[in-house]
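Thanks, everyone. Please bring up the structure, and I will talk you through the parts I picked out.

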Amino acid sequence: MYIGPEMYAEITDRETAREIFAKTVTRVEMETHSYCNRRCSYCPNVVGDRLGENQHMPGDIWKTIIGNLEEIGYDKNLVLNYYNEPLADRAILGYIREARARLPKCRIMIYSNGDYLDPGFIDELADAGLNYLHISIHLKRGDEYTDLYVVNRINEISVRMGIPAKVVRIQSGEFIIAQAAHRVMEIEVRGINFYKHGTDRGGLIDDITTAAKRTASCFFPFAHFVIGFNGLIAPCCHIRSDRPEHKLYIYGNLRDYDSIFQAFTSAPAAAWRRELVGGQEKRRPCDTCSAGVLQKPEDRDAFAEAHRRYVAAPGAAVVSG
């Protein structure tokens, strides 16, 4: 991950932006369609606005993203969902196939609720080129997390997949992680107590709160590129591109830029990095977020030094052309 001086000011030159994107972005997350079949109380989809007509990512947006990633030989993580349920629309198989053909070295990932799985679909996903399938155990609305519920759901999903899932890690009352052995694809089933380990998604979830004001730096705007089905670009996956409460936080529409590279080095993106590289008290929507925290002391020190040199210093982070 790169946190050098170019990260804090707008860069419009395509070649320079491309070099920076290739150097630092390790996760591209994009939403191929809008629909989700659930209304989990710890997710912004609780309002039910993702249950309506399924809207697909416009073809020109998809073409730009895949073409730009192919241009740099992208070989990091490519996540084909955001706030949708990716397996609710079997068109996902075509997206995976194209991504695999054009980005042969990247790791293609999907996060799913598992509701649409069956043995045949599992094999189709693997044959299309999916590397990693994460199946999240979700609670019924109003229910509290219990280990027994998660274990029963893991068993249910195992039957649905036709592949046994073995528990590999458990922390009672907090999470259970299981893995299912597949011939080529990594499958992980995970149940998490989101009321302990979730976030309020930029203030959208009233039931999840953080008492302390955040001061920690966040690496997400440095290493992640997130785009919704509508072509709107968010600073991280905890901002929902199509919620009006988050309208002021997005970078704009990809059509506003000549490439994903210039979107990543845009003025709004640089402003987010200036805000989140330092250890000062964070403002909304990051003030109550617990995600993206640097775990290693040396990384925290590096971010603090970057803030001192490139943001806090007189004349630092001047917007460039």
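H3 and H4 are roughly parallel to each other, because angles under 35 degrees count as roughly parallel and theirs is about 25°. Their axes are 8 Å apart. Keep in mind that this is a predicted model.

Who makes that contact? From H3 come Ile92, Leu93, Ile96, Arg97 and Arg100. H4 answers with Phe121, Glu124, Leu125 and Ala128. By class, that contact has six nonpolar residues, three charged ones and no polar ones. For orientation, H4 covers residues 119–128.

Now the sheet. Ten strands form an open sheet, with mixed pairing. Read across, the order is E5-E6-E7-E4-E3-E2-E1-E8-E9-E10. The edges are strand E5, at 165–171, and strand E10, at 252–253. Each of these two pairs on one side only.

Back to H3 for a moment. Helix H3, residues 92–102, packs on this sheet. It touches strand E2 (77–79) and strand E3 (107–112). The direction of H3 makes about 160° with that of E3.

Next, look at strand E7, residues 186–192. Which way does E4 run beside E7, parallel or antiparallel? Parallel: six bridges join E7 to strand E4, residues 132–137. Leucine 133 has isoleucine 187 of E7 as its bridge partner. Isoleucine 137 is partnered by glycine 191, again in E7.

On to E6, residues 175–180. E6 and E7 pair in the antiparallel sense, over six bridges. Alanine 178 stands opposite valine 189 in E7. The two strands form a hairpin, with five residues between them.

As a reminder, strands of a sheet pair through backbone hydrogen bonds, either parallel or antiparallel.

Last stop, the pocket. The largest pocket has a volume of about 1200 Å³. How many residues line the largest pocket? There are 38. Tyr111, His134, Ser136, Phe194 and Arg201 lie nearest its centre.

Which elements supply the lining? Strand E1 (27–30), E3, E4, E7 and helix H6 (194–197) each supply at least two residues. By class, the lining of the largest pocket has 15 nonpolar, 15 polar and eight charged residues.

So much for the tour. To recap: H3 and H4 are roughly parallel to each other. H3 packs on the sheet. E4 and E7 both pair with each other and supply lining residues to the largest pocket. Over to you for discussion.

Key: Residues numbered from 1 in each chain as written. Predicted model: local features only at pLDDT ≥ 70, side-chain atom pairs only at ≥ 80, totals over all residues. Heavy atoms only, no water. Pairing = 2+ DSSP bridges. Helix = DSSP H or I, 4+ residues; strand = E, 2+ residues; numbered from the N terminus. Contact = heavy atoms within 4.5 Å. Axes fitted to C-alpha atoms, helices over the stretch in contact; angles between N-to-C directions. 1 Å grid on protein atoms, 1.4 Å probe; cavity = no way out; pocket = protein on both sides within 12 Å on 5 of 7 lines; lining within 4 Å. Points joined across faces, edges and corners; volume = space filled by probe spheres on them. Nonpolar A, V, L, I, M, F, W, Y, C, P; charged D, E, K, R; others polar. Parallel < 35°, antiparallel > 145°, perpendicular 65-115°, else oblique.
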